[in-house]
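Hello,

Here is the structure we spoke about. My notes on it follow below.

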Amino acid sequence: MSNVTLTIDGIEITVSKDKTILEAAKTAGVRIPTLCFHERMNPIGSCRMCVVEVEGFTQPMAACDTRVQDGISVTTNSGQLFRIRQDSLKLILVNHPLDCPVCDKGGECTLQDLVFEFGIDKVEYHAPKQDRLSEYATSLIRYWPDRCIMCLRCVTACREIKAIGAIDIRGDGYGSQVVSVHPDKCESCGECLMVCPTGALTENLSRYKGRPWISERVMTTCTYCGCGCQLELNVLNNSVIGVTTRDDAGVNRGSLCVKGRFGYEFIGSDERLTKPLIRKNGKFQEAGWDEALALVAGQLSKIKKESGPDAIAALSSARCTNEENYLFQKFIRAVIGTNNVDHCARL
Amino acid sequence: MSDILFSSWGGEIIDNRGKDPRDFESVSNVTLPGHFKQDQKIKALFGWYGIVLRSADVNIVDLCREYITEVQAKSCGKCFLCRVGTKVMADTLTRICEGKGSSADLSILSRLAKSISESSKCNIGQSGPVPVLHAMEYFAEDFAEALSSKGSISAGTYISKLTAPCMDACPIHLDIPKYVECIKEGRFQEALDVIRERLPLPGVVGRVCVRPCEYHCRRTILDEPVSIKYLKRFAADCELAGKKEPEYRVVPSAKKGNVAIVGAGPAGLTCAYHLAQRGHRITIYERLGEPGGMSAIGIPDYRLPRHILRGEAGQIQKMGVTIKYNTTVGKDIMLSRIEEESDAVFLAIGAQSSTMMRVKGEDQGYRGFIPGVKYLQDINEGRDPYPEGKKVVVVGGGNVAIDCVRCSFRVNKSDVNLVYRRTKNEMPADHVEIRDAEEEQVKFHYLTNPTRVLAENGKVVGVECIRMELGEPDDSGRRRPVPIEGSEFIIDCDIVVPAIGQSIDLSLLEGTRGIETTRWGTISVNEVTKQSKLKKFFSGGDCETGPGALITGCAAGLKAAAGIDRMINGQPIELDEDDCFDKFFEAVKVFDPTEKIGLLGGQKSRHLEMLPPEIRKHTFDEVEQGFTAREAMAEADRCLRCYRVATVAV
Ligand SMILES: Cc1cc2nc3c(=O)[nH]c(=O)nc-3n(C[C@H](O)[C@H](O)[C@H](O)COP(=O)(O)OP(=O)(O)OC[C@H]3O[C@@H](n4cnc5c(N)ncnc54)[C@H](O)[C@@H]3O)c2cc1C
Ligand code: SF4
Ligand code: SF4
Ligand code: SF4
């Protein structure tokens with residue numbers, strides 16, 4: 001790709017010609033406000049917040065969806081652009097309730113931030129309340145139709161990132177809404193939940209457990225399989241109240257499956273085993289690690305001695321890391337001396 | 001003399017209000033037809049380009065309300081400003097019309113109108129508020145009056161329609177912006193469903209359409225048209241690649257009848273498809289042993305592989321349509337018999353005979369003298385029409401002539417010539433096809449006309465030609481070619497293929513009375529309803545228009561199906577609202593090539609990969625390789641979604 005040179009707010013910048021104005025602005029260090037735009041998806045273009053002016057062209061253009069051209073001069077702020085951005089936000093607030101105090105997203109909501117930034121203290125536009133369905137494709141996610149601004153990130157993520165298309169937009173104009181068109185196809189992966197910029201999609205497990213800013217986010221590796229997805233455990237008072245992801249972390253870049261995204265409650269479960277158990281007289285009894293390990297080692301040595309190493313078979317877990325699995329098979333082959341080793345993910 | 005009171009169409013302000021009608025200034029950039037339906041006088045047009053007002057008794061404020069309400073109903077909901085903004089505007093205007101408006105409402109209207117039109121994602125939102133802004137500027141008193149009066153304004157009578165430049169130009173009016181958007185968003189099956197609502201041959205038309213839509217694509221103003229044809233093909237190919245069977249929804253009409261169709265070309269097949277979807281029993285009589293008409297025996301396989309055509313025709317048969325092959329109406333079965341057995345008959349016999357050149361020697365039956373349609377039919381049926389012949393001269397400048405020359409290489413003719421009496425600029429053939437033929441090394445002889453076919457022992461040995469020069473323009477606006485005295489010369493050849501035109505074999509009409517024909521030898525029917533003077537008979541496609549294009553044939557089939565269905569159900573066959581809008585938009589052009597769009601362009605069309613000329617010229621394998629999904633989605637992303645609403649006050 002050849003390069004082109006353009007100016008953005010007077011800053012000259014050279015970028016490859018397949019870049020958008022928004023990407024070029026980022027390189028130039030100029031911030032253009034966005035709402036529907038998401039790095040991992042094709043430009044959606046629903047919010048019109050990123051409109052910019054290009055000298056010599058009468059129509060403002062969406063920076064996210066307009067490719068650069070050599071020699072153009074872009075302005076990212078003007079009275080006209082400010083009015084358009086304000087109007088876009090005001091029109092959202094025609095419907096969006098100001099229930100931020102009870103919204104799970106309060107404090108990390110893009111809409112909240114933008115309304116603050118554009119100083120919108122009153123909305124002179126009115127329209128009757130929308131009558132929308134609140135059903136959603138999965139019971140793990142709650143859809144708040146009033147809060148939904150129809151940015152279509154969720155729809156796009158489901159279609160483009162996951163190639164599923166369980167949700168879509170239906171209806172025309174003001175009556176249009178996000179609808180679960182193929183709930184049967186929904187994998188409850190929560191991709192939509194993660195990309196929603198507002199509180200329109202919230203996780204059903206962790207509702208009202210804590211505000212975003214009081215919980216601590218601990219980056220870790222998902223324990224469910226060997227993929228090694230990165231996720232953040234949201235921790236409050238030493239218990240996990242939710243899972244979030246970051247678009248810039250790990251092989252998964254923000255995606256997870258249903259287990260990684262929603263299967264965290266076991267961590268704090270009362271039924272979880274935290275100590276080894278040894279069956280004595282037909283009953284499981286708590287034991288210490290030394291005792292348990294000594295028992296296992298003793299029994300293995302005994303069987304190997306009496307019946308040979310091939311009398312022992314071993315199966316390891318998909319929930320161990322690759323390194324742990326490697327060590328495990330090494331141990332079985334080199335120490336025990338048998339090839340009877342397998343892994344549950346092959347089943 | 002103009003009868004327009006006010007026009008702001010396209011930004012040209014003509015204000016004749018208060019003037020003596022004799023002094024009315026005329027409007028240069030739009031023609032407002034007098035009537036919508038026969039008895040409906042058009043009082044005003046409100047549309048994407050502004051206002052054209054003819055009658056003073058139209059209430060502009062009420063018209064604004066109606067228009068924006070329509071725009072809101074057509075908004076797709078995919079961008080904030082249009083989705084919510086036009087709703088707020090519509091409600092505000094309704095309030096004003098009910099006598100409950102305030103002056104604050106006016107500032108809301110004008111501010112929103114500006115923001116919406118300046119920044120909406122597509123042309124619905126960009127163009128929707130335009131006439132309202134014009135109204136607020138030039139009809140301010142009307143708004144003031146509406147605000148001060150406490151009563152409500154009585155609503156006028158309006159008719160609205162959503163269109164787009166490409167969609168209007170497409171003879172069958174495919175919803176192009178919609179299916180292109182489906183492809184952009186990766187919903188390939190949905191794209192195909194949109195096409196199939198009107199057209200049953202997406203794979204065929206997606207390969208060989210003459211694409212009037214692309215010549216009317218608004219994107220051309222910025223850079224180049226959207227490759228609509230290739231996108232259509234892509235959608236059809238996807239289904240094939242996925243080995244999916246299309247599902248058709250049959251919505252039976254109240255009364256079902258027996259319909260006979262003569263000719264299984266594009267027109268006949270499309271008519272059958274639509275009638276079958278309404279539950280009628282259909283029999284097609286076809287002279288050949290194969291469906292598709294000219295698209296089977298005329299269009300060569302390297303442009304349109306036979307399995308595509310057979311596949312799509314096969315789908316229509318699966319809907320319950322019977323095709324009786326190898327049955328010539330007028331010979332194997334008489335039209336009168338068919339008439340007796342059927343409730344309606346659709347004649348779609350195409351233009352299958354070649355026109356004579358009117359030169360000496362062409363009527364002598366020389367070996368090597370082969371009319372274009374026959375030449376292509378033989379080759380398409382796998383025969384070399386004259387294996388001994390190696391040097392070919394094709395006469396003509398249209399697509400048929402180009403097909404003849406390109407096919408010649410593919411049956412091992414070594415020397416291939418095309419003789420055309422005007423220059424390349426005047427050639428009616430598709431410029432892409434001309435380029436392909438040039439790449440394959442056809443010898444073009446422009447400004448040349450044949451005068452005599454030369455033969456020895458009953459076999460062609462050459463053609464005598466004369467040089468031409470361009471004179472004065474003729475009726476068609478093209479400069480008339482005139483021969484240069486004494487410039488005769490001879491091209492040695494053993495095959496001469498005239499491909500200068502086709503005519504219609506009307507012999508099947510013998511013995512029937514009441515089906516009129518025109519002086520051009522075509523079947524005469526109502527241009528819109530496709531019904532002939534003899535009520536039971538409908539006709540369309542090449543036999544109505546003379547040699548045309550696939551998509552016009554398909555469009556005629558769709559129209560005829562609607563008429564036939566109405567006839568069987570005892571409903572009157574007359575122009576409906578869509579037909580009236582077709583006529584209306586012919587006058588009020590939907591596409592304006594001089595429009596200033598004000599957006600950044602510079603993204604050229606994507607073209608298909610092609611086999612290299614040296615390889616392709618010797619094979620009937622398909623030359624053009626379809627888009628990949630990624631290419632198709634990127635191409636579809638170029639579409640500007642130029643939907644626009646027109647509201648007519650009657
Ligand atoms: C060489 C060539 C190339 C072309 N290329 C293109 C192109 O690239 N793009 C494009 O859009 N258009 C093209 N056309 C034009 C296009 O093929 C025609 O406009 C279109 O096929 C017309 O459809 P139709 O149904 O009206 O008639 P036809 O396709 O001609 O079909 C008429 C059918 O009626 C049958 N029939 C006729 N008489 C009788 C009878 N008495 N009894 C029973 N059956 C009968 C015929 O056998 C035929 O099958 C081309 C035409 C030719 C000749
Ligand atoms: S649910 Fe969220 S992501 Fe989806 S459209 Fe509504 S606000 Fe946007
Ligand atoms: S129709 Fe066009 S302008 Fe209106 S909401 Fe959809 S994208 Fe936006
Ligand atoms: S840009 Fe799209 S909507 Fe506009 S005329 Fe072209 S194909 Fe049609």
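**Salt bridges and other findings**

Over all chains, the count of salt bridges comes to 76. Please keep in mind that this is a predicted model.

Glu185(B) and Arg187(B) form a salt bridge through their side chains, with 2.7 Å from N to O. Both Glu185(B) and Arg187(B) are buried.

Arg367(B) and Glu388(B) also meet in a salt bridge, at 3.7 Å, N to O. Arg367(B) sits in the loop between strand E10 and helix H18 of chain B, and Glu388(B) in the loop between H18 and strand E11 of chain B, so the pair ties together parts that are 21 residues apart in sequence. Arg367(B) is partly exposed, at 40% relative accessible area, whereas Glu388(B) counts as exposed at 53%.

The side chains of Glu439(B) and Arg435(B) make a salt bridge of 3.8 Å, N to O. These two residues are four apart in helix H20 (residues 431-439) of chain B, which means that about one helical turn separates them. Glu439(B) is partly exposed, with 33% relative accessible area, and Arg435(B) is partly exposed with 37%. Salt bridges with shared partners join both into one network, whose members include Arg303(B), Asp403(B) and Arg616(B).

In chain A, strands E11 (residues 230-236) and E12 run antiparallel and are joined by five bridges. Glu232(A) has Thr244(A) as its bridge partner in E12(A). The two strands form a hairpin with two residues between them, and Asn237(A) in the turn has a positive phi of about 50°. Five of the six residues of E12(A) are buried.

Regards

Conventions:
Residues are numbered from 1 along each chain as its sequence is written. Chains are lettered from A and ligands numbered from 1 in the order in which they are written. This is a predicted model: local features need pLDDT of at least 70, side-chain atom pairs count only at pLDDT 80 or more; totals for chains, interfaces and linings use all residues. Side-chain values use heavy atoms; hydrogens and water are left out. Buried means under 20% relative accessible area, exposed over 50%, partly exposed in between (1.4 Å probe, protein chains only). Two strands pair if DSSP finds at least two bridges between them. A salt bridge is a side-chain nitrogen of Lys or Arg within 4 Å of a carboxyl oxygen of Asp or Glu.
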